[in-house]
Amino acid sequence: MMKGQMFIIAGLIVIVAIVGLKSILSLQKIVENQRHLVSGFNGLEFNNVRNEMVRTLQISYNDSANMTNNLNDFDSFARDTLNTKSVDFNSLLVEVFYPTLQASTNTQVNVTVYNSLGTDLTSLNLSFNGTSNTFSLKNRYALRTVFTINTAVSNNQTLALNYTTSSTSQSENFAVPLNLGASYFIAFFDIRYISNEGQQSDKFTTTLQLN
Amino acid sequence: MKGIMKVLEVVITVLMVLVVYLLVFSSPVLPPDFESINIQLKAFYSLQVLDQNNQLRSYVLTDNTTAIETNLVGLLPSSVNYQVEICGVACTAPQVNSTRLFSVNYIVAGSIGNYNPNQVIIYMWS
């Protein structure tokens, strides 16, 4: 009698296992598909913000005095807009501007760093043309520093950036073209879009000759 | 007699498992309902195309939501109701009598010589 019941009980266990397996498989597929679609949609939003950051510089072309302000303002706008959708948008912007460069004449190169990484930079070191300056920079603050250059010929210089936060240390180098007779605005972007579905990020440089 | 009963119970168990297996796995897998995400993608691409055609920025500059809505006719399914808003960071969603309200945002930094960031939001419901 007991042996016969054991077959029935074993059969019921197998049935429960089959039904359970089926529901897990279906749920997993739905979640995967949804995650894939939403992640693709987030990619579109991220590219929208990325493209508009570059466009901010292009539309400010005739107003070079406000390029830095406009870019930092747009960064805040994008972050606040995305925050309303529970998306974190973090960034580090480095903007370099110099007026028309004359041969063998002292020219000021303005460097602005805007920290919106969501954390303070406990140490920020900028090196350019043999000069090095160290600062600290709070989250959502910008700092402006000036380097002086004097060159007889056009050349490329490297701006080196090293920063430390409470959790990481990072180094970035990017080329600054020093062309006689020209004025330039160069922007380095490190942008990160963080949502429940994952993270999208990009680092890129935009160079604009202003005359 | 005892042997026949045992065989009968095994047969019943096998049949039970077989029937349940067939019921569970023979039914077609229904595609998940991703309609709202697909519509959001369509709406976003529509705004992107309007932008690439150099229309969107002038509409945003003149706060012309009607022109954007007119351009969306035929691009979004007719079963979906929609309303376009042009706003800054703080935007107000329309009051609609539906539990299924979703939206897409498209950010515009401005147009040449006129830095003026705004977002275009298409609120959709069905």
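**View 1. Surroundings of Val96(A) in the predicted model.** In this predicted model, Val96(A) is in contact with Val109(A), Val111(A), Leu159(A), Val176(A) and Ile186(A), once its neighbours within four places in sequence are left aside. Val96(A) also belongs to the largest nonpolar core, a set of 59 residues in which Val94(A), Val96(A), Val111(A) and Val120(B) have the most contacts. Strand 1 of chain A, which covers residues 88–98, supplies the largest share of this core, namely seven residues. As a general background to such a view, nonpolar side chains in soluble globular proteins tend to be buried together.

**View 2. The side of chain A that touches chain B.** Where the two chains meet, 33 residues of chain A are in contact with 31 residues of chain B. On the side of chain A that touches chain B, the elements that give two or more residues are helix 1 (2–59) and helix 2 (67–83) of chain A. Of these, helix 1 of chain A gives the most, with 24 residues. Sorted by class, this side of chain A is made up of 17 nonpolar, eleven polar and five charged residues.

**View 3. Chain B as a whole.** The C-alpha trace of chain B spans about 95 × 30 × 25 Å along its principal axes. Its radius of gyration is 27 Å, whereas a compact globule of 126 residues would have one near 14 Å. Buried residues account for 23% of the 126 residues in chain B. Among the contacts in chain B with a separation of 6 or more, 62% are between residues 24 or more positions apart.

**View 4. Helix 1 and helix 2 of chain B.** Helix 1 of chain B, residues 2–26, has 25 residues that should span 36 Å at 1.5 Å a residue, and this agrees with its end C-alpha atoms, which are 36 Å apart. This helix is hardly covered, since the count of buried residues among its 25 residues is one. Helix 2 of chain B, residues 35–52, has 18 residues and reaches 26 Å from its first C-alpha to its last, close to the 26 Å expected at 1.5 Å a residue. In helix 2 of chain B, the buried residues are Ile39(B), Gln40(B), Ala43(B), Ser46(B), Leu47(B), Leu50(B) and Asp51(B). These residues cover an arc of only 140° around the axis, and therefore they lie on the same side of helix 2 of chain B. In general, an α-helix has 3.6 residues a turn, so residues three or four places apart point the same way. Just after helix 2 of chain B comes Asn54(B), which takes a positive phi of about 60°.

View 5. Most residues other than glycine have a negative phi. Ser86(A), although it is not a glycine, has a positive phi of about 60°, and this residue is found in the loop between helix 2 and strand 1 of chain A. Ser86(A) counts as exposed because it has 9 C-beta neighbours inside 10 Å, where the limit for an exposed residue is 12 or fewer. In chain B, Asp63(B) has a positive phi of about 55° and is likewise not a glycine. Asp63(B) is found in the loop between helix 3 (56–61) and helix 4 (65–72) of chain B, and it counts as exposed because it has 10 C-beta neighbours inside 10 Å.

View 6. Ser64(A) lies in the loop between helix 1 and helix 2 of chain A, and with 17 C-beta neighbours inside 10 Å it counts as partly exposed. When residues up to four places away in sequence are not counted, Ser64(A) touches Phe185(A) and Leu210(A). Although Ser64(A) and Phe185(A) are 121 residues apart in sequence, they are 8.2 Å apart in space, C-alpha to C-alpha. Thr151(A) lies in the loop between strand 5 (141–149) and strand 6 (155–164) of chain A, and it is partly exposed, with 17 other C-beta atoms within 10 Å. Thr151(A) and Gly20(A) are 131 residues apart along the chain, and their C-alpha atoms are separated by 74 Å.

Conventions:
Residues numbered from 1 in each chain as written. Chains lettered and ligands numbered in written order. Predicted model: local features only at pLDDT ≥ 70, side-chain atom pairs only at ≥ 80, totals over all residues. Core = buried A, V, L, I, M, F, W, Y, C linked by C-beta atoms within 7 Å. Buried ≥ 20, exposed ≤ 12 C-beta atoms within 10 Å, placed from the backbone. Helix = DSSP H or I, 4+ residues; strand = E, 2+ residues; numbered from the N terminus. Contact = placed C-beta atoms within 7 Å. Nonpolar A, V, L, I, M, F, W, Y, C, P; charged D, E, K, R; others polar. Rg over C-alpha atoms; globule rule 2.2 N^0.38 Å. Expected span 1.5 Å × (residues − 1). Arc of directions from axis to C-beta.
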